[in-house]
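Colleague: Could you take me through this model? I would like to begin with its overall layout and then turn to the details.

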Amino acid sequence: MLLLALESSCDETAAAVVKDGRTVLSSIVASQISVHAEYGGVVPEIASRKHLESVSFVVEQALAEAGVGLDRIEGVAVTQGPGLAGALLVGISVAKGLAFGRSLPLVGVNHIEGHLLAVFLEAPVQFPFIALAVSGGHSHLYRVDGIGRYRTLGQTVDDAAGEAFDKVAKLIGLPYPGGVAIDRLAASGDPKAIKFPRPLLNDGSFNFSFSGLKTAVLTHVGKHPEAKDAGINDLAASFQAAVCEVLTKKTAAAIAATGIKRLVVAGGVACNSALRRSMAQFADENGVELSIPSPALCADNAAMIAVPGDYYLTHGVQSGFDLDALPVWPL
Ligand code: KG4
Ligand code: ZN
(Lines give C-alpha, C1' and ligand atoms only; values in the text may rest on other atoms or scores of the structure.)
(Ligands and ions follow the chains in the order given, each with its own letter.)
Protein backbone atom coordinates (compact mmCIF):
# COMPACT_ATOMS: atom_id res chain seq x y z
CA MET A 1 0.00 0.00 0.00
CA LEU A 2 1.28 3.47 -0.87
CA LEU A 3 0.59 5.68 2.12
CA LEU A 4 0.78 9.42 2.63
CA ALA A 5 1.56 10.20 6.27
CA LEU A 6 1.32 13.53 8.07
CA GLU A 7 2.78 14.68 11.39
CA SER A 8 2.19 18.04 13.07
CA SER A 9 2.05 17.31 16.81
CA CYS A 10 4.65 19.84 17.93
CA ASP A 11 7.10 22.04 16.04
CA GLU A 12 7.81 20.06 12.87
CA THR A 13 5.47 19.96 9.90
CA ALA A 14 6.13 16.65 8.19
CA ALA A 15 4.81 14.53 5.34
CA ALA A 16 6.08 11.26 3.92
CA VAL A 17 5.22 8.74 1.25
CA VAL A 18 5.90 5.20 2.44
CA LYS A 19 5.35 1.90 0.65
CA ASP A 20 3.98 -1.05 2.64
CA GLY A 21 4.88 0.61 5.94
CA ARG A 22 8.55 -0.17 5.32
CA THR A 23 10.05 1.66 2.34
CA VAL A 24 10.40 5.43 2.62
CA LEU A 25 9.94 7.04 -0.81
CA SER A 26 10.10 10.54 0.67
CA SER A 27 10.19 12.16 4.11
CA ILE A 28 9.94 15.93 4.30
CA VAL A 29 10.30 17.79 7.60
CA ALA A 30 9.83 21.57 7.88
CA SER A 31 11.23 22.61 11.24
CA GLN A 32 9.95 25.64 13.14
CA ILE A 33 12.82 25.52 15.63
CA SER A 34 14.33 28.86 14.63
CA VAL A 35 10.98 30.60 15.21
CA HIS A 36 10.42 29.10 18.68
CA ALA A 37 14.09 29.52 19.68
CA GLU A 38 13.44 33.28 20.05
CA TYR A 39 11.00 32.47 22.86
CA GLY A 40 13.11 29.74 24.48
CA GLY A 41 10.50 27.04 23.82
CA VAL A 42 7.56 26.04 21.66
CA VAL A 43 4.76 28.64 21.57
CA PRO A 44 1.60 26.62 20.76
CA GLU A 45 -0.25 29.42 18.92
CA ILE A 46 2.75 30.13 16.70
CA ALA A 47 3.22 26.40 16.09
CA SER A 48 -0.33 26.06 14.73
CA ARG A 49 0.09 29.07 12.45
CA LYS A 50 3.44 27.84 11.12
CA HIS A 51 1.96 24.38 10.43
CA LEU A 52 -0.79 26.07 8.42
CA GLU A 53 1.77 28.02 6.41
CA SER A 54 3.93 24.98 5.63
CA VAL A 55 1.63 22.00 5.35
CA SER A 56 0.58 22.31 1.69
CA PHE A 57 4.15 22.81 0.53
CA VAL A 58 5.39 19.91 2.67
CA VAL A 59 2.75 17.53 1.25
CA GLU A 60 3.52 18.66 -2.32
CA GLN A 61 7.24 18.14 -1.71
CA ALA A 62 6.67 14.66 -0.28
CA LEU A 63 4.67 13.64 -3.35
CA ALA A 64 7.16 15.25 -5.75
CA GLU A 65 10.18 13.64 -4.12
CA ALA A 66 8.46 10.24 -4.14
CA GLY A 67 7.68 10.82 -7.83
CA VAL A 68 3.99 10.06 -7.41
CA GLY A 69 0.79 12.02 -7.87
CA LEU A 70 -2.01 12.05 -5.32
CA ASP A 71 -3.87 9.65 -7.64
CA ARG A 72 -1.36 6.90 -6.72
CA ILE A 73 -1.82 7.28 -2.94
CA GLU A 74 -3.91 4.47 -1.43
CA GLY A 75 -4.34 5.64 2.16
CA VAL A 76 -3.67 8.52 4.56
CA ALA A 77 -2.21 8.24 8.08
CA VAL A 78 -1.97 11.19 10.45
CA THR A 79 -0.74 11.85 13.97
CA GLN A 80 -3.87 12.09 16.12
CA GLY A 81 -2.05 12.74 19.40
CA PRO A 82 -0.52 13.25 21.88
CA GLY A 83 0.64 16.78 21.20
CA LEU A 84 -0.51 20.38 20.95
CA ALA A 85 -4.21 20.48 20.09
CA GLY A 86 -4.05 23.31 17.54
CA ALA A 87 -0.94 21.87 15.91
CA LEU A 88 -2.45 18.37 15.65
CA LEU A 89 -5.62 19.80 14.10
CA VAL A 90 -3.69 21.19 11.12
CA GLY A 91 -2.36 17.78 10.09
CA ILE A 92 -5.68 16.11 10.86
CA SER A 93 -7.70 18.60 8.79
CA VAL A 94 -5.40 18.23 5.80
CA ALA A 95 -5.41 14.42 6.12
CA LYS A 96 -9.21 14.40 6.26
CA GLY A 97 -9.48 16.72 3.26
CA LEU A 98 -7.14 14.59 1.15
CA ALA A 99 -8.78 11.32 2.19
CA PHE A 100 -12.29 12.64 1.63
CA GLY A 101 -11.42 14.28 -1.69
CA ARG A 102 -9.96 11.08 -3.10
CA SER A 103 -12.11 8.54 -1.21
CA LEU A 104 -9.08 7.09 0.57
CA PRO A 105 -9.04 5.24 3.90
CA LEU A 106 -7.83 7.39 6.79
CA VAL A 107 -6.23 6.38 10.07
CA GLY A 108 -5.22 8.38 13.15
CA VAL A 109 -1.97 7.23 14.76
CA ASN A 110 -0.42 7.72 18.19
CA HIS A 111 2.79 9.76 17.87
CA ILE A 112 4.64 7.61 20.42
CA GLU A 113 3.61 4.46 18.58
CA GLY A 114 5.24 6.03 15.51
CA HIS A 115 8.46 6.65 17.46
CA LEU A 116 8.53 3.06 18.77
CA LEU A 117 8.07 1.57 15.31
CA ALA A 118 10.25 3.99 13.28
CA VAL A 119 13.08 1.47 13.47
CA PHE A 120 11.12 -0.88 11.14
CA LEU A 121 11.86 1.55 8.32
CA GLU A 122 15.53 0.54 8.61
CA ALA A 123 15.52 -3.03 9.92
CA PRO A 124 12.93 -5.47 11.21
CA VAL A 125 12.85 -6.23 14.94
CA GLN A 126 11.30 -9.40 16.30
CA PHE A 127 8.57 -9.18 18.92
CA PRO A 128 8.51 -9.03 21.87
CA PHE A 129 10.95 -6.22 22.61
CA ILE A 130 11.52 -3.65 25.35
CA ALA A 131 11.22 -0.06 24.13
CA LEU A 132 12.47 3.11 25.72
CA ALA A 133 10.68 6.16 24.31
CA VAL A 134 12.50 9.36 25.20
CA SER A 135 11.30 12.64 23.73
CA GLY A 136 10.26 16.13 24.73
CA GLY A 137 7.08 14.81 26.33
CA HIS A 138 7.87 11.17 27.10
CA SER A 139 10.21 8.98 29.11
CA HIS A 140 8.46 5.65 28.99
CA LEU A 141 9.52 2.03 29.13
CA TYR A 142 7.24 -0.37 27.28
CA ARG A 143 7.02 -4.06 26.65
CA VAL A 144 6.01 -4.40 22.98
CA ASP A 145 4.39 -7.71 22.02
CA GLY A 146 3.26 -6.65 18.57
CA ILE A 147 1.94 -3.61 16.72
CA GLY A 148 -0.87 -2.28 18.91
CA ARG A 149 0.22 -4.43 21.88
CA TYR A 150 2.06 -2.21 24.34
CA ARG A 151 2.37 -2.55 28.09
CA THR A 152 3.75 0.39 30.07
CA LEU A 153 6.44 -0.81 32.48
CA GLY A 154 7.42 2.60 33.78
CA GLN A 155 7.35 6.29 33.02
CA THR A 156 8.53 9.64 34.28
CA VAL A 157 6.79 10.91 37.37
CA ASP A 158 7.61 14.53 36.47
CA ASP A 159 9.70 15.93 33.58
CA ALA A 160 10.42 13.91 30.45
CA ALA A 161 14.08 13.35 29.54
CA GLY A 162 13.94 15.81 26.62
CA GLU A 163 12.17 18.35 28.80
CA ALA A 164 14.99 18.01 31.36
CA PHE A 165 17.60 18.60 28.63
CA ASP A 166 15.69 21.65 27.37
CA LYS A 167 15.07 23.14 30.84
CA VAL A 168 18.66 22.62 32.01
CA ALA A 169 19.94 24.11 28.76
CA LYS A 170 17.76 27.17 29.29
CA LEU A 171 18.95 27.71 32.84
CA ILE A 172 22.60 27.57 31.80
CA GLY A 173 21.97 30.00 28.95
CA LEU A 174 21.88 27.64 25.95
CA PRO A 175 19.46 28.10 23.05
CA TYR A 176 16.30 26.01 22.48
CA PRO A 177 16.16 23.10 21.84
CA GLY A 178 18.66 22.33 24.54
CA GLY A 179 19.29 18.64 23.94
CA VAL A 180 21.47 19.16 20.88
CA ALA A 181 23.37 22.03 22.51
CA ILE A 182 24.13 20.00 25.66
CA ASP A 183 25.16 16.98 23.56
CA ARG A 184 27.60 19.15 21.60
CA LEU A 185 29.16 20.85 24.66
CA ALA A 186 29.36 17.56 26.57
CA ALA A 187 31.55 16.09 23.84
CA SER A 188 34.54 17.98 25.25
CA GLY A 189 33.53 17.87 28.92
CA ASP A 190 34.30 15.51 31.81
CA PRO A 191 31.18 13.49 32.72
CA LYS A 192 32.65 12.79 36.18
CA ALA A 193 33.45 16.45 36.99
CA ILE A 194 30.24 17.05 38.97
CA LYS A 195 28.40 14.30 40.84
CA PHE A 196 24.74 14.97 40.09
CA PRO A 197 22.04 12.75 41.66
CA ARG A 198 20.68 9.67 39.86
CA PRO A 199 16.98 10.00 40.81
CA LEU A 200 14.96 6.83 41.53
CA LEU A 201 17.90 4.69 40.40
CA ASN A 202 17.44 2.04 43.06
CA ASP A 203 13.76 2.36 43.95
CA GLY A 204 12.85 -0.97 42.35
CA SER A 205 10.40 0.62 39.89
CA PHE A 206 10.83 1.31 36.19
CA ASN A 207 9.88 4.95 36.70
CA PHE A 208 12.02 8.01 36.07
CA SER A 209 12.22 11.42 37.71
CA PHE A 210 14.21 14.27 36.22
CA SER A 211 12.96 17.41 37.93
CA GLY A 212 15.24 16.95 40.97
CA LEU A 213 18.21 16.67 38.64
CA LYS A 214 17.26 19.99 37.07
CA THR A 215 17.11 21.55 40.58
CA ALA A 216 20.52 20.05 41.37
CA VAL A 217 21.98 21.78 38.29
CA LEU A 218 20.33 25.05 39.36
CA THR A 219 21.76 24.73 42.88
CA HIS A 220 25.20 23.90 41.50
CA VAL A 221 25.36 26.95 39.22
CA GLY A 222 24.05 29.10 42.09
CA LYS A 223 27.04 28.04 44.21
CA HIS A 224 29.54 27.91 41.36
CA PRO A 225 28.65 30.61 38.79
CA GLU A 226 31.81 29.80 36.79
CA ALA A 227 30.22 26.42 35.95
CA LYS A 228 28.06 28.27 33.38
CA ASP A 229 31.11 29.83 31.74
CA ALA A 230 34.50 28.13 31.71
CA GLY A 231 33.03 24.99 33.26
CA ILE A 232 30.08 24.63 30.89
CA ASN A 233 31.46 21.59 29.06
CA ASP A 234 31.95 19.69 32.32
CA LEU A 235 28.52 20.80 33.53
CA ALA A 236 26.84 19.59 30.32
CA ALA A 237 28.76 16.31 30.35
CA SER A 238 27.99 15.65 34.03
CA PHE A 239 24.27 16.37 33.64
CA GLN A 240 24.08 14.26 30.49
CA ALA A 241 25.91 11.40 32.22
CA ALA A 242 23.34 11.39 35.05
CA VAL A 243 20.41 11.23 32.58
CA CYS A 244 22.08 8.51 30.50
CA GLU A 245 22.98 6.39 33.52
CA VAL A 246 19.42 6.45 34.85
CA LEU A 247 17.91 5.70 31.42
CA THR A 248 20.35 2.86 30.76
CA LYS A 249 20.12 1.24 34.21
CA LYS A 250 16.32 1.37 34.36
CA THR A 251 16.15 -0.12 30.86
CA ALA A 252 18.61 -2.81 31.94
CA ALA A 253 16.38 -3.59 34.93
CA ALA A 254 13.32 -3.92 32.66
CA ILE A 255 15.26 -6.31 30.43
CA ALA A 256 16.41 -8.34 33.44
CA ALA A 257 12.89 -8.50 34.89
CA THR A 258 11.20 -9.55 31.65
CA GLY A 259 14.00 -11.67 30.21
CA ILE A 260 13.39 -9.99 26.84
CA LYS A 261 16.78 -9.39 25.28
CA ARG A 262 15.69 -7.13 22.45
CA LEU A 263 15.71 -3.36 22.92
CA VAL A 264 14.50 -0.40 20.87
CA VAL A 265 15.43 3.13 21.92
CA ALA A 266 13.34 5.81 20.21
CA GLY A 267 12.33 9.48 20.25
CA GLY A 268 14.26 12.75 19.93
CA VAL A 269 16.53 12.09 22.93
CA ALA A 270 17.66 8.86 21.23
CA CYS A 271 19.71 11.23 19.00
CA ASN A 272 21.91 11.87 22.04
CA SER A 273 25.40 10.56 21.35
CA ALA A 274 26.16 9.62 24.98
CA LEU A 275 22.87 7.74 25.32
CA ARG A 276 23.54 5.86 22.07
CA ARG A 277 27.01 4.92 23.38
CA SER A 278 25.76 3.94 26.81
CA MET A 279 22.98 1.74 25.38
CA ALA A 280 25.38 0.17 22.87
CA GLN A 281 27.84 -0.69 25.63
CA PHE A 282 25.11 -2.16 27.84
CA ALA A 283 23.73 -4.20 24.92
CA ASP A 284 27.17 -5.40 23.96
CA GLU A 285 28.07 -6.52 27.47
CA ASN A 286 24.75 -8.27 28.07
CA GLY A 287 23.99 -9.94 24.75
CA VAL A 288 21.06 -7.64 24.07
CA GLU A 289 19.97 -7.01 20.48
CA LEU A 290 19.81 -3.20 20.28
CA SER A 291 18.00 -1.18 17.61
CA ILE A 292 18.15 2.60 17.54
CA PRO A 293 16.91 4.38 14.42
CA SER A 294 19.27 6.78 12.69
CA PRO A 295 18.92 10.31 14.13
CA ALA A 296 16.59 11.58 11.36
CA LEU A 297 14.12 8.84 12.26
CA CYS A 298 14.48 9.43 16.03
CA ALA A 299 13.46 13.08 15.68
CA ASP A 300 9.87 13.90 14.72
CA ASN A 301 9.02 12.88 11.16
CA ALA A 302 6.01 11.58 9.23
CA ALA A 303 7.56 8.38 7.86
CA MET A 304 7.36 6.80 11.32
CA ILE A 305 3.60 7.46 11.38
CA ALA A 306 3.24 5.35 8.24
CA VAL A 307 4.53 2.18 10.00
CA PRO A 308 1.55 1.71 12.34
CA GLY A 309 -0.68 3.53 9.81
CA ASP A 310 -0.02 0.92 7.13
CA TYR A 311 -0.47 -1.94 9.60
CA TYR A 312 -3.83 -0.65 10.82
CA LEU A 313 -5.21 0.10 7.36
CA THR A 314 -4.16 -3.29 5.99
CA HIS A 315 -5.77 -4.93 9.06
CA GLY A 316 -9.09 -3.19 8.54
CA VAL A 317 -8.69 -0.53 11.23
CA GLN A 318 -9.52 2.95 9.99
CA SER A 319 -10.79 6.23 11.37
CA GLY A 320 -13.97 8.04 10.49
CA PHE A 321 -14.15 11.65 9.37
CA ASP A 322 -15.08 12.54 12.96
CA LEU A 323 -11.42 11.87 13.83
CA ASP A 324 -10.42 14.46 16.42
CA ALA A 325 -7.13 15.51 18.01
CA LEU A 326 -6.20 13.70 21.24
CA PRO A 327 -3.70 16.06 22.97
CA VAL A 328 -3.37 13.52 25.82
CA TRP A 329 -3.32 9.92 24.60
CA PRO A 330 -1.51 7.25 26.59
CA LEU A 331 -0.35 4.37 24.42
O1 KG4 B 1 10.73 13.20 19.60
P2 KG4 B 1 11.02 14.65 19.51
O3 KG4 B 1 11.67 15.18 18.28
O4 KG4 B 1 9.71 15.48 19.77
C5 KG4 B 1 8.79 15.10 20.73
O6 KG4 B 1 7.98 14.17 20.44
O7 KG4 B 1 8.89 15.67 21.85
O8 KG4 B 1 11.94 14.99 20.79
C9 KG4 B 1 12.36 16.30 21.03
C10 KG4 B 1 13.27 16.30 22.23
C11 KG4 B 1 13.67 17.70 22.68
O12 KG4 B 1 13.48 17.80 24.08
C13 KG4 B 1 15.14 17.77 22.30
O14 KG4 B 1 15.90 18.62 23.15
C15 KG4 B 1 15.56 16.33 22.45
O16 KG4 B 1 14.49 15.60 21.94
N17 KG4 B 1 16.80 16.05 21.71
C18 KG4 B 1 17.96 15.71 22.31
C19 KG4 B 1 18.92 15.59 21.27
N20 KG4 B 1 18.30 15.87 20.08
C21 KG4 B 1 16.99 16.14 20.38
N22 KG4 B 1 18.25 15.49 23.59
C23 KG4 B 1 19.51 15.15 23.88
N24 KG4 B 1 20.49 15.04 22.96
C25 KG4 B 1 20.25 15.24 21.65
N26 KG4 B 1 21.21 15.12 20.73
ZN1 ZN C 1 8.20 13.00 18.98
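This is a predicted model: local features need pLDDT of at least 70, side-chain atom pairs count only at pLDDT 80 or more; totals for chains, interfaces and linings use all residues.

Colleague: Into which domains is the chain divided?

Modeller: There is domain 1 (2-117 + 298-314) and domain 2 (125-292), with bounds that come from an automatic or database domain assignment. Their centres, taken over C-alpha atoms, are separated by 27 Å.

Colleague: How many residues does the contact take from each domain?

Modeller: Domain 1 provides 16 residues and domain 2 provides 20 residues; two residues are in contact if their C-beta atoms, placed from the backbone, lie within 7 Å.

Colleague: Which elements give two or more residues on the side of domain 1?

Modeller: Those are helix 1 (33-37), helix 4 (111-117) and helix 11 (303-314), where helices are DSSP runs of H or I with at least four residues, numbered from the N terminus. Helix 4 gives the most, with four residues. By class, this side of domain 1 has eleven nonpolar, four polar and one charged. Here Ala, Val, Leu, Ile, Met, Phe, Trp, Tyr, Cys and Pro count as nonpolar, Asp, Glu, Lys and Arg as charged, and the others, Gly among them, as polar.

Colleague: Now the ligand. Which residues are the closest to ligand 1?

Modeller: Gly136, Gly162, Gly179, Gly268 and Asn272 are the closest of the 19 residues that surround ligand 1; a residue is near a molecule if its C-beta atom, placed from the backbone, lies within 6 Å of it. The shell comprises seven nonpolar, nine polar and three charged residues, and at least three come from each of domain 1 and domain 2.

Colleague: Which helix gives the most to that shell?

Modeller: Helix 6 does, with four residues. Helix 5 (161-171) and helix 6 (178-186) each supply at least two.

Colleague: At what angle do helix 5 and helix 7 cross?

Modeller: The axes of helix 5 and helix 7 (residues 211-223), lines fitted to C-alpha atoms over the stretch in contact, cross at roughly 15 degrees and come within 10 Å. Helix 5 is therefore roughly parallel to helix 7, a term for angles under 35 degrees.

Colleague: Which residues of the two helices meet?

Modeller: Ala164, Lys167, Val168 and Leu171 in helix 5 meet Leu213, Lys214, Val217 and Leu218 in helix 7. This contact has six nonpolar, no polar and two charged residues.

Definitions and conventions:
Residues are numbered from 1 along each chain as its sequence is written. Chains are lettered from A and ligands numbered from 1 in the order in which they are written. Axes are lines fitted to C-alpha atoms, for helices over the stretch in contact, and angles run from 0 to 180 degrees between N-to-C directions. Angles under 35 degrees count as roughly parallel, over 145 as roughly antiparallel, 65 to 115 as roughly perpendicular and the rest as oblique.
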